[in-house]
Amino acid sequence: MLLNSSPSFNSFLFNSNSNFLSKYHKSQKSVPQTLRVVNSNDVDAFTEKSGYLFKLSSSEADSLNDYDLKKIAAIYKRKPFILLRRLFQIGSSFGRWLAARYVDSITEKSDLMFKIRAAELRQILLELGPAYIKIAQAVSSRPDLIPPSYLDELSLLQDRIAPFSTEVALNTIEQELGLPIDMIFSEISPEPTAAASLGQVYQARLRSNGQVVAVKVQRPGVQAAISLDILILHFIAGVVKKAGKLNSDLQAVVDEWASSLFREMDYIKEAKNGLKFRKLYGAIEDVIVPNMYVENTTRRVLVMEWVEGKKLSEVKDLYLVEVGVYCSFNQLLEYGFYHADPHPGNLLRTYDGKLAYIDFGMMGEFKQEFRDGFIEACLHLVNRDFDALAKDFVTLGLLPPTSDKEGVTKALTGVLQNAVAKGVSNISFGDLLGNLGTTMYKFKFQIPSYFSLVIRSLAVLEGIAIGFDPNYKVLGSTYPWIARKVLTDSSPQLRSSLQALLYEEGVFRIDRLESLLSESLRARTEKVLVEDNDSKVAVKQILSFTLTEKGAFVREILLQEIAKASVLVLFIFKVPVFKCVQGMDAFGRATLDSLTSMANTSIPFASSSSSSMTKEDMVNLRTFRRLMLLLAGFQKNGGSPEELKRTDPSKNQNMYSEEASLIFYQFPSVEEILPILSVIPELPPELQQQLLLLPADLAGRLISRVTARTIRRMFL
């Protein structure tokens with residue numbers, strides 16, 4: 001069980017012939033690097049170089065359980081020599097490294113020394129400890145921003161850090177749990193299986209139930225070191241903000257990050273986070289969230305279910321990346337409880353091909369109003385509504401309410417127009433942030449503290465995917481889920497946003513509905529992610545969506561627009577034209593105009609020289625044609641969205657009639673509409689029942705519109 005030669009632990013030694021250990025050691029070749037036993041002979045550089053930080057009295061240590069900058073400042077005000085020593089250590093460490101880089105550049109040895117300097121930087125970060133390692137972990141997840149040599153070195157900081165003494169770790173377990181090791185675990189690995197910035201992990205078996213578990217033990221001194229480093233970074237952030245005249249409150253960003261770090265150092269909170277995460281997202285297909293053993297957990301010791309796998313960044317599994325994107329969508333935009341530290345060491349691909357989350361120390365909360373604001377911002381960005389996007393930035397707290405919104409709109413149009421024109425699937429999250437840099441500075445953008453963790457979470461996820469797919473775009477993969485949520489969510493704010501998006505200056509933007517529907521149909525997580533161009537499949541998906549309760553709002557819009565543009569039912573059943581011509585809507589009158597033009601005849605109520613078509617009717621007719629194509633499973637090819645509003649006021653009625661005839665001939669043929677009818681028997685019975693109710697609903701709307709128009713014509 002535990003193999004340790006230290007005399008002080010003889011009473012806790014287990015039988016070295018244990019089946020558990022023999023199986024464990026035999027499996028080392030197949031166990032991924034992230035979970036292999038860490039060599040305890042490696043030097044714990046943090047303890048060696050920064051051990052002087054560890055000495056805090058018990059009362060001082062207890063006072064630092066939660067982040068409180070005033071308490072931290074009060075403690076180190078009484079320890080000025082430790083503060084000065086730390087400042088000297090930080091300054092001299094980075095100073096020597098920067099000086100070496102400068103010498104390399106003037107001696108033209110930069111390329112030759114690149115890998116060496118990268119290794120030196122990693123060693124400096126290890127010596128300085130957890131706060132700096134955490135910063136490096138975030139940076140190391142962006143291969144599009146960091147040179148490969150530095151990326152390779154910084155990636156080692158994710159889970160391959162030299163461990164501290166196993167003797168110290170076992171003492172900590174016993175002190176925290178208040179029992180001898182052999183009363184808690186029947187077996188435990190002789191060395192840690194992984195070591196990270198805040199702690200290290202052992203594999204063990206619980207004596208109570210025989211369950212194989214991971215036991216995470218906190219490093220000694222991390223709370224003291226992180227507290228002092230945050231005090232220093234907070235001061236530096238204030239200086240940088242003043243010197244650089246920056247708009248963002250850098251000190252608030254540091255405070256938010258520091259609060260999350262302090263929560264991460266409390267393993268009781270981490271266990272509760274894990275349980276909540278498991279409850280919310282553990283049921284997602286192909287997502288694994290390990291169970292937490294709260295009864296065996298304290299502030300410095302965490303016991304959780306054992307999970308084996310390889311780092312997601314080490315396996316080219318695009319499907320699991322998509323699963324991760326879907327899970328992140330749920331975290332950020334459905335429940336608002338999200339994993340704020342999704343670096344590669346925390347995301348594993350299990351041996352049965354599932355995505356496992358294994359660290360829940362750093363979590364974030366995304367409030368409902370901000371979630372809705374973020375969704376609206378994505379919608380307006382993709383649809384190039386930069387005026388609305390400027391207002392979204394105010395809602396999200398990125399812009400003050402008194403800012404020049406007109407100026408912001410012009411700036412956003414200039415900066416983002418080209419990026420968005422490539423299509424949502426080609427929008428890079430990283431590029432957007434880069435392009436916004438100048439605009440953010442000019443218009444005094446602020447980065448709220450909550451937003452920094454959200455941005456980091458999305459940027460890290462995109463960085464992991466870019467590692468093996470340079471063309472991957474996290475926004476392009478997330479947008480289908482955003483589109484589906486906007487179409488189905490019952491939130492009054494999102495429904496109002498959808499209404500405003502689809503109706504621009506009173507004109508129905510069918511192109512935007514087409515885009516939302518087509519994008520929402522891409523929101524799938526099946527293992528066979530194959531594009532199916534079969535129109536019958538598309539029709540079935542659209543009908544299935546619009547006939548459900550979630551699609552009720554969109555169904556109302558569709559019926560409203562069809563009623564506005566159509567009395568097609570009257571023609572299908574050959575109702576005499578003269579009975580309805582006065583109240584006929586756009587499609588009916590267009591059909592009439594077309595027939596009269598073809599037959600070269602006149603109708604008493606509508607002569608060829610004076611068509612009854614209006615500008616509004618032409619817009620409605622074009623919209624109706626697009627709706628029929630959409631429902632028949634066809635997407636419009638080419639053309640501008642402006643065609644929906646385009647009507648030349650100088651046109652006479654004969655020209656309207658000619659255009660109406662042309663549009664009439666472009667309607668889907670009977671053969672093209674057949675897919676709608678052929679999928680009806682394949683729909684679930686409850687959806688077939690809902691479909692049978694639509695004709696009566698549509699007829700009622702048509703009668704209402706005919707009556708209203710007739711009365712209007714009689715009195716106006």
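1. Lys485 sits at 6% relative accessibility, so it counts as buried (buried is under 20% relative accessible area, exposed over 50%, partly exposed in between, with a 1.4 Å probe and protein chains only). Its side chain meets that of Asp489 in a salt bridge, 2.6 Å from N to O (a salt bridge needs a side-chain nitrogen of Lys or Arg within 4 Å of a carboxyl oxygen of Asp or Glu). Asp489, at 18%, is also buried. Then there is a network: Glu504, Arg509, Asp511 and Arg512 are joined by salt bridges that share partners.

2. Keep in mind that this is a predicted model, where local features need pLDDT of at least 70 and side-chain atom pairs count only at pLDDT 80 or more, while totals for chains, interfaces and linings use all residues. Residues are numbered from 1 along each chain as its sequence is written, and side-chain values use heavy atoms, with hydrogens and water left out.

3. How many salt bridges does a search of the whole structure find? The count is 20. One of them pairs Glu264 with Lys134, at 2.7 Å from N to O. This pair links distant parts of the chain, since Glu264 is in helix H12 and Lys134 in helix H7, 130 residues apart (helices are DSSP runs of H or I, at least four residues, and strands are runs of E, at least two, numbered from the N terminus). Glu264 is buried at 3%, and Lys134 is buried at 5%.

4. Now look at Lys391 and Asp387, whose closest N and O atoms are 3.9 Å apart. Both lie in helix H16, 4 residues apart, about one turn of the helix. Lys391 is partly exposed at 47%, and Asp387 is partly exposed at 39%.

5. On to the sheet: 4 strands form an open, mixed one in the order S5-S10-S9-S7 (strands pair if DSSP finds at least two bridges between them). S5 and S7 stand at the edges with a single partner strand each, so one side of each has no neighbour in the sheet. S5 and S10 run parallel, joined by 2 bridges, and Ile288 has Ala356 as its bridge partner in S10.

6. Finally, find helices H21 and H23. In H21, Tyr479, Pro480, Ala483, Arg484 and Leu487 meet Leu513, Leu516, Leu517, Glu519 and Ser520 in H23 (contact means heavy atoms within 4.5 Å).
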